[in-house]
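The following questions and answers examine one protein model. Please keep the sequence and the structure in view while reading.

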Amino acid sequence: MFQLGKTIVSEEIIEKDFVCNLSACKGKCCVDGEAGAPLDEDELLILMDIYPKVKPFLREEGIQAIEDQGLFITDEGEYETTLIDGKDCAYSIYDENNTVKCGIEEAFNQGIIDWKKPISCHLYPIRITDYIEFSAVNYHKWPICDDACSLGKELQVPVYKFVREALIRKFGEDWYLELEKIAKNHKQQ
C-alpha cells in the first residue's frame, strides 16, 4: 500500500494485469453477484436526469424493475443500481451475441447522454472505499474475470492503465500522473 494524496492505494493495481474480455465472459459482472453496482450520492441525481433518455435502451424487465423499485435502491445505507429479480442489473442489456452490456453506456456511446456509467462500473476491477480522512483504492479479484486477467497478462496491461480514463474521472489528471510515476519507480525496484 502507498499513499497518494488523500488516497491509500493497493500495489496490486500496478502489479496485476487486466483487460476486459467480453468475448470470453459475456459481461457476467452485470448479472452475477449479490448486489447492484455501488452508486455515489451525486450519481443519484444524474440517474434521475438521464433516465428518460436511457429508458429506450433498456429491456422490458429492467424498466419494470425500475418502475417497481426505483432508479436505485438503498442497502444498509449504501446506494446501488436496481436489480431484476435480485440478479441482473436493471440497466443491463444484451447484444446480438448474447453479451451483457450497459444500457446507460449504450446511450452514451450513441451521443444521447454525456455520462458514461456509474463510476464503480467504469473503475472495475478497482473498488473504492471512502473513509472520513481518505479513500482506499483496491484491486478486486473476482473469478468471473479470470479471462480478463489472462488477457491483461498477455497484452501486458496493468490494472491502473486499463482503467486510466475512470481513474482520471474519479481523482483527476494530476493524481493519475503521480500514480504513473509511482508505478514506474515500483517496476524498477
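Q: In the hairpin of S4 and S5, which residue in the turn has a positive phi?
A: This model is predicted. In it, S4 and S5 form a hairpin, and 2 residues lie between the two strands. The turn residue with a positive phi, of about 50°, is glutamate 76.

Q: How many bridges join S4 to S5?
A: Strands of a sheet pair through backbone hydrogen bonds, either parallel or antiparallel. Here S4 and S5 run antiparallel. The number of bridges that join S4 to S5 is 4.

Q: What is the order of the strands in the open sheet of 3 strands?
A: Strand S3 (38-39) and strand S4 (72-75) are the edge strands, since each pairs on one side only. S3 pairs with strand S5 (residues 78-81) in the antiparallel sense over 2 bridges, and leucine 39 has tyrosine 79 in S5 as its bridge partner. With antiparallel pairing, the order of the open sheet is S3-S5-S4.

Q: Is asparagine 21 buried or exposed?
A: Asparagine 21 is found in the loop between helix H1 (12-15) and helix H2 (22-25). Leaving aside residues up to four places away in sequence, asparagine 21 touches Asp147, Ala148 and Leu151. A residue counts as buried under 20% relative accessible area. Because the relative accessible area of asparagine 21 is 17%, asparagine 21 is buried.

Q: What does arginine 127 count as at 28% relative accessibility?
A: Arginine 127 lies in strand S10 (residues 126-130). Buried means under 20% and exposed means over 50%, with partly exposed in between. Arginine 127 is at 28% relative accessibility, so arginine 127 counts as partly exposed.

Q: Which residue has its backbone oxygen 3.2 Å from a polar atom of the side chain of arginine 127?
A: Not counting residues up to four places away in sequence, arginine 127 touches Pro38, Ser120, Ala136, Val137, Asn138 and His140. The backbone oxygen that lies 3.2 Å from a polar atom of the arginine 127 side chain belongs to serine 120.

Q: What distance separates the C-alpha atoms of arginine 127 and threonine 81?
A: Arginine 127 and threonine 81 are 46 residues apart along the chain. The separation of their C-alpha atoms is 16 Å.

Q: How many residues are in the second, separate core?
A: Isoleucine 126, one of the residues that touch the most other members of the largest core, has contacts including Ile13, Val137 and Leu167. A second core is separate and includes Leu58, Ile84, Ala90 and Tyr91. The size of this second core is 22 residues.

Q: Which element gives the largest share of the lining of the second largest pocket?
A: The second largest pocket has a volume of about 270 Å³. Its lining has 13 residues, of which Ile14, Asp17, Gln156, Pro158 and Lys187 lie nearest its centre. H1, H8 and H10 are the elements that give two or more residues to this lining. The largest share, 5 residues, comes from H10.

Conventions. Residues numbered from 1 in each chain as written. Predicted model: local features only at pLDDT ≥ 70, side-chain atom pairs only at ≥ 80, totals over all residues. Heavy atoms only, no water. Pairing = 2+ DSSP bridges. Buried < 20%, exposed > 50% of the residue type's maximum accessible area, 1.4 Å probe, protein only. Contact = heavy atoms within 4.5 Å. Polar contact = N/O pair within 3.5 Å; in protein donor to acceptor, adjacent residues only side chain to side chain. Core = buried A, V, L, I, M, F, W, Y, C linked by side-chain atoms within 4.5 Å. 1 Å grid on protein atoms, 1.4 Å probe; cavity = no way out; pocket = protein on both sides within 12 Å on 5 of 7 lines; lining within 4 Å. Points joined across faces, edges and corners; volume = space filled by probe spheres on them.
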